[in-house]
Amino acid sequence: MSEDVRYCERISYLCLKLTLIVYSTIFWLIGGFILAIGIYAEVERQRYKTLEGAFLAPAVILIVLGIVMFIVSFIGVLSSLRDNLPLLKVFLYTLTICLILELLGGILALVFRNQTLHLLNKNIRKGMVNYYDDLDFKNIMDFVQKKYQCCGGKEYLDWEVNMYHNCSSPGPLACGVPYTCCTNLKPQEVPNTLCGYQVLDKSRLELQHVIHVRGCTDAIFLWFMDNYKIMGGLLLGILLPQFLGVIISWLYITRVEDEMDRNMIYQGVPHYDVTDGPQEHTKKKKVSHWFLCLPE
């Protein structure tokens with residue numbers, strides 16, 4: 001092998017190593033930050049006994065996401081620093097599985113759109129039962145209803161599941177909806193919290209100028225369709241870094257295997273896979289040469 005190719009291989013190895021270390025460290029720190037926010041939010045949730053449904057709790061979602069990112073990224077940092085092939089492969093396979101599951105989940109959600117909406121509406125209705133006791137869910141629901149000009153999950157009649165808004169309730173909120181469903185809300189004015197008074201026993205036509213009658217799941221879905229460019233950019237922002245991580249880790253694994261075969265990482269301990277014949281060794285070397293270095 002010529003000295004130019006040898007030098008090129010060494011440089012490519014160091015560049016891939018540094019790139020993977022930086023990549024893993026960034027997502028390790030992000031994962032730790034998300035985990036810290038999730039833990040803090042969960043402590044506050046337990047303190048005030050809010051959001052009993054774990055499925056709808058943002059704190060639980062943040063904790064799970066933070067733990068996954070923190071552990072996977074830590075494996076990436078450790079394996080890239082130590083050139084540990086088993087850990088590098090664990091990192092690669094985990095990233096690949098996560099990427100495949102996300103793509104598969106998105107495809108299934110689109111293919112089975114009706115079932116997805118049904119499941120989403122079902123969980124929203126569960127949250128609406130404890131609307132006034134769940135500060136987290138209440139804030140989320142109020143924001144969505146004001147932002148997307150909607151009411152309830154599937155429709156405004158979903159508010160009947162709440163004990164305060166049920167028409168059989170004796171209180172002033174009976175047969176009504178939260179004020180965030182109203183159509184005449186103005187940002188700088190104090191809202192009339194009883195603007196949705198006695199609307200659940202009326203028809204849609206009667207309520208056109210009183211409250212938003214369409215459900216929030218349909219409103220959000222329509223917003224996604226109208227802002228497909230934003231959604232496309234968001235999906236790329238989520239999936240592209242993971243795809244780059246898969247590519248970088250795969251290239252680095254091939255480079256580490258080549259370096260180990262040439263006894264450059266572990267000095268004095270040559271590494272050859274006795275199960276591989278000469279042709280397989282040649283094939284392995286050509287992968288990295290073809291992609292990063294000069295041909296032999």
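A residue is called buried when its relative accessible area is under 20%, exposed when it is over 50%, and partly exposed in between. The model discussed here is predicted. At 17% relative accessibility, tyrosine 148 therefore counts as buried, whereas tryptophan 223, at 28%, counts as partly exposed.

**Ring pairs**

The structure contains 9 aromatic pairs. A pair of aromatic rings is described by the distance of the centres and the angle of the planes. Two of the pairs are set out below.

| Pair | Distance of centres | Angle of planes | Class |
|---|---|---|---|
| Tyrosine 23 and phenylalanine 27 | 4.9 Å | 50° | tilted |
| Tyrosine 148 and tryptophan 223 | 5.9 Å | 75° | edge-to-face |

Tyrosine 23 and phenylalanine 27 are both part of helix 1 (residues 3-48), where 4 residues, about one turn of the helix, separate them. Tyrosine 23 is buried, with a relative accessible area of 13%; phenylalanine 27 has a value of 25% and is partly exposed.

The second pair has another setting. Tyrosine 148 is located in the loop between helix 5 (135-147) and helix 6 (216-226), and tryptophan 223 belongs to helix 6, so the pair ties together parts that are 75 residues apart in sequence.

Tyr131, Tyr132, Trp159 and Tyr164 are linked by ring pairs into a cluster.

How values were computed: Residues are numbered from 1 along each chain as its sequence is written. This is a predicted model: local features need pLDDT of at least 70, side-chain atom pairs count only at pLDDT 80 or more; totals for chains, interfaces and linings use all residues. Side-chain values use heavy atoms; hydrogens and water are left out. Rings of Phe, Tyr and Trp (its six-membered ring) pair if their centres lie within 6.5 Å; planes under 30 degrees apart count as stacked, over 60 as edge-to-face and the rest as tilted. Helices (H or I, at least four residues) and strands (E, at least two) are DSSP runs, numbered from the N terminus. Buried means under 20% relative accessible area, exposed over 50%, partly exposed in between (1.4 Å probe, protein chains only).
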